[in-house]
Amino acid sequence: MLHGVSPEETIERLTAIPGRGAGTDAERRAAVRLERDLDERGHGAWTDTFWLRPGWAWPVVLAAALGAGGSLPAVAWPLAGLIAAVLAAVSLALEAAGLTSPLRLLTRRRATQNVVALPEAGGTGSTVTLLVCAPYDAPRRGLVLNDRWRALAARLGDARPWLAGCALVIAGCAAARQSGVDAIWLGAVQLVPTIVLIAALAAALDIALSDFSPGAGPASAAAVALAVHEELAADPEAMPAGLILYGAGASGPHALRAQLRRENADRRRTVVLELGPCTSGEP
């Protein structure tokens, strides 16, 4: 417990803010509370606002629809299926890499806030600064993101690279048909990734239309980041430590990368420690 505030209490304070999704008023209220908490601990903190397109589910919905939809006409119009599948594969690959895909540009821009506390320059003789980073917003629920499946999904990792591979298989089949290949085995090969993309479309659509969860996982990451930063800041022998609690974390690292660019962090003298959500047990 640091300054009378335990990580468990920080988690309770954040989860008590309903609808703490990316770009919402509730997320901004959480940012103000975190900034006030840092000020009470004696750290000069502030909030930075960034405009972005949060929500990974809608780009996946659109990409899966393009990939699966391109597979259907690929038999009669292979060129149309090839173009649709390639666009779906590129978009899914960019989303998996944490970049903005062409399909995400079709979604609405919203404002999110980062809570930042950086060490004073020249505080110690060390030449290396540690930035402790963690998300604090709440993801959407969705059937595949409920408590029963969340731990399994965390072990499986990001599915978007696999979906991009499925779209590439469909594109390859369409390219083969465009070059004159017309065999029964080609349809069998094309069927499996098409079914996977249809299932991904249904799952992503369910997530996109669901309510926001209490977000205890990201709240646990933010609570541990606060504790780590407090411990290092209280140790005069430790390297200078800064803290970045970023919004829209459920959508990827866009807000964190934007903050690092704004701070002009020196790659040679900055270590970024990013903490992820705790799926079960003690944070």
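1. Cys 166 is buried, at a relative accessible area of 14% (buried is under 20%, exposed over 50%, partly exposed in between, with a 1.4 Å probe and protein chains only). The closest cysteine sulfur to that of Cys 166 is in Cys 173, 11 Å away, which is too far for a bond.

2. This is a predicted model, where local features need pLDDT of at least 70, side-chain atom pairs count only at pLDDT 80 or more, and totals for chains, interfaces and linings use all residues. Residues are numbered from 1 along each chain as its sequence is written, and side-chain values use heavy atoms, with hydrogens and water left out.

3. Cys 133 is buried too, at 0% relative accessibility. Its closest cysteine sulfur is in Cys 278, 19 Å away, too far for a bond. The whole structure has zero disulfides (pairs of cysteine sulfur atoms within 2.5 Å).

4. Helix H4 (residues 78-96) and helix H6 (residues 160-178) have axes that come within 8 Å and cross at roughly 160°. Axes are lines fitted to C-alpha atoms, for helices over the stretch in contact, and angles run from 0 to 180 degrees between N-to-C directions. Helices are DSSP runs of H or I, at least four residues, numbered from the N terminus. H4 and H6 are therefore roughly antiparallel (over 145 degrees; under 35 is roughly parallel, 65 to 115 roughly perpendicular, the rest oblique).

5. H4 passes H6 in a left-handed crossing (the near helix is turned anticlockwise from the far one by less than a right angle). Contributors to the contact include Leu 82, Ala 85 and Ala 89 of H4, and Leu 163, Ala 167 and Ala 171 of H6. Contact means heavy atoms within 4.5 Å. The contact residues divide into 19 nonpolar, two polar and three charged. Nonpolar covers Ala, Val, Leu, Ile, Met, Phe, Trp, Tyr, Cys and Pro; charged covers Asp, Glu, Lys and Arg; the others, Gly among them, are polar.

6. Helix H3 (residues 57-71) packs on helix H7 (residues 184-208) at about 150°, axes 8 Å apart. H3 and H7 are therefore roughly antiparallel. Their crossing is left-handed. Among the contact residues are Trp 58, Val 61 and Ala 65 of H3, and Leu 197, Leu 201 and Ala 204 of H7. The division here is 14 nonpolar, four polar and no charged.

7. Thr 15 lies in helix H1 (residues 7-15). At 26% relative accessibility, Thr 15 is partly exposed. Its C-alpha is 7.1 Å from that of Ala 219, 204 residues apart along the chain. Leaving aside neighbours within four places in sequence, Thr 15 contacts Arg 20, Pro 214, Gly 215, Ala 216 and Ala 219.

Note on methods: Helix = DSSP H or I, 4+ residues; strand = E, 2+ residues; numbered from the N terminus.
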